[in-house]
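Good morning, and thank you for the time on the agenda.

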Amino acid sequence: MLALTRKKGEALVLNNNIEVTILEIRGDQVKIGISAPKDVPIYRKEVYLQIEDENKAALHADGMEAFKKLAAARPVAKR
């Protein structure tokens with residue numbers, strides 16, 4: 001992990017197209033602003049982890065059963 005020190009109003013750039021700016025520092029909270037292209041998804045980590053868990057659960061529950069049914073219904077093409 002890279003650890004950087006920034007002051008209010010200072011920024012850093014990621015991947016040449018994402019800018020993270022320190023907007024406010026109040027006690028133990030830091031407010032940041034993120035400028036990124038619209039096609040770049042941005043999530044708080046706890047939300048991202050929840051989405052990841054729900055996607056895994058859906059894949060293993062309904063997704064695998066549906067995939068098995070689809071695979072069983074389609075004959076394998078011979079080369």
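Predicted model: local features only at pLDDT ≥ 70, side-chain atom pairs only at ≥ 80, totals over all residues.

I begin with Leu 23, which counts as partly exposed because its relative accessibility is 42%; buried means under 20% relative accessible area, exposed over 50%, and partly exposed lies in between, with a 1.4 Å probe and protein chains only. Residues are numbered from 1 along each chain as its sequence is written, and side-chain values use heavy atoms, with hydrogens and water left out.

Leu 23 belongs to strand β2, strands being DSSP runs of E with at least two residues, numbered from the N terminus. Which residues does Leu 23 contact, once neighbours within four places in sequence are set aside? They are Lys 8, Lys 31, Ile 32 and Gly 33, where contact means heavy atoms within 4.5 Å. Between the C-alpha atoms of Leu 23 and Ala 11, which are 12 residues apart along the chain, the separation is 9.1 Å.

Let me turn to the sheet. It is open, has three strands in the order β1-β2-β3, and its pairing is antiparallel; two strands pair if DSSP finds at least two bridges between them. The edges are taken by β1 (11-14) and β3, each with a single partner strand, so one side of each has no neighbour in the sheet. On average, neighbouring strands are turned by 25° against each other, direction ignored, with axes fitted as lines to C-alpha atoms and angles running from 0 to 180 degrees between N-to-C directions.

β1 pairs with β2 (residues 18-26) over four bridges, and Ala 11 has Thr 21 as its bridge partner in β2. Between β2 and β3 there are seven bridges, again antiparallel, and Ile 22 stands opposite Ile 32 of β3. These two strands form a hairpin with two residues between them, and Gly 27 in the turn has a positive phi of about 65°.

Finally, the surface. Ile 25, Val 30, Ile 32, Ile 34 and Ile 42 make a nonpolar patch of about 430 Å². Strand β3 (residues 29-35) gives the most to this patch, with three residues. Val 30 lies in that strand, and it counts as partly exposed because its relative accessibility is 49%. Patch members have over 30% relative accessible area and no salt bridge, with like charges joined within 9 Å and nonpolar side chains (Val, Leu, Ile, Met, Phe, Trp, Tyr) within 5 Å. A salt bridge is a side-chain nitrogen of Lys or Arg within 4 Å of a carboxyl oxygen of Asp or Glu, and accessible areas come from the Shrake-Rupley method with a 1.4 Å probe, only the protein chains shown counting as cover for residues.
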